[in-house]
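Reader: I am new to this one. Can you walk me through it?
Author: Gladly. Take a look, then ask away.

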Amino acid sequence: MAFILEQSPTFSHPIVIREVQDGGKIRTHQFTAIFNRLTQTRMEEVQLQYQAIQVAARRGEAIDGIPTREIANEILAGWEGITTADGEPVEMTTATKAQLLDRAAVADALVVTFFDAHEKARAKN
């Protein structure tokens, strides 16, 4: 198959979120994230930023801002499969995106999945 230089600006990937419920039970949620494609230069910058966040967290060092959420905000272009309690689809707006990224574990799951998707693609090359 020929390599096509122009790519679509986004790609989709399934996301799994696990949340703690009453009694220590874990509830699993799934949706499809639509991610922005980053240039190689920006991808390297974001990966270095994320690695620095992880190192600082392991050392118990203070982290300015909420960097994982900032990365997730940059890479998330849209979604499919997120609904209200009544089952109505939730359209992505600035407010609903902020609400999603404020949920525990969501920003981390998005960032980890984004990088894992790229690592898997690299491993197959």
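**Salt bridges and helices**

Author: We start with D102, which counts as exposed because its relative accessibility is 52%. Keep in mind that this is a predicted model.

Reader: Which residue forms a salt bridge with D102?
Author: The closest N and O atoms of the pair are 3.4 Å apart. D102 sits in the loop between α3 and α4, and its partner is in helix α2, 33 residues apart.

Reader: Is E19 buried or exposed?
Author: E19 forms a salt bridge with R103, with the closest N and O atoms 2.5 Å apart. The pair links distant parts of the chain, with E19 in strand β1 and R103 in the loop between α3 and α4. The cut-off for buried is under 20% relative accessible area. E19 has 14% relative accessibility, so it counts as buried.

Reader: How far apart are the end C-alpha atoms of helix α1?
Author: Helix α1 covers residues 40-59, which is 20 residues. At 1.5 Å a residue, α1 should span 28 Å, and the model agrees because its end C-alpha atoms are apart by 29 Å.

Reader: Is T68 buried or exposed?
Author: T68 lies in helix α2. It touches Y50, I53, A107, D108 and V111, not counting residues up to four places away in sequence. Among these, Y50 and I53 are buried residues of α1. At 11% relative accessibility, T68 counts as buried.

Definitions and conventions: Residues are numbered from 1 along each chain as its sequence is written. This is a predicted model: local features need pLDDT of at least 70, side-chain atom pairs count only at pLDDT 80 or more; totals for chains, interfaces and linings use all residues. Side-chain values use heavy atoms; hydrogens and water are left out. Helices (H or I, at least four residues) and strands (E, at least two) are DSSP runs, numbered from the N terminus. Buried means under 20% relative accessible area, exposed over 50%, partly exposed in between (1.4 Å probe, protein chains only). Contact means heavy atoms within 4.5 Å. The expected span of a helix is 1.5 Å times one less than its number of residues. A salt bridge is a side-chain nitrogen of Lys or Arg within 4 Å of a carboxyl oxygen of Asp or Glu.
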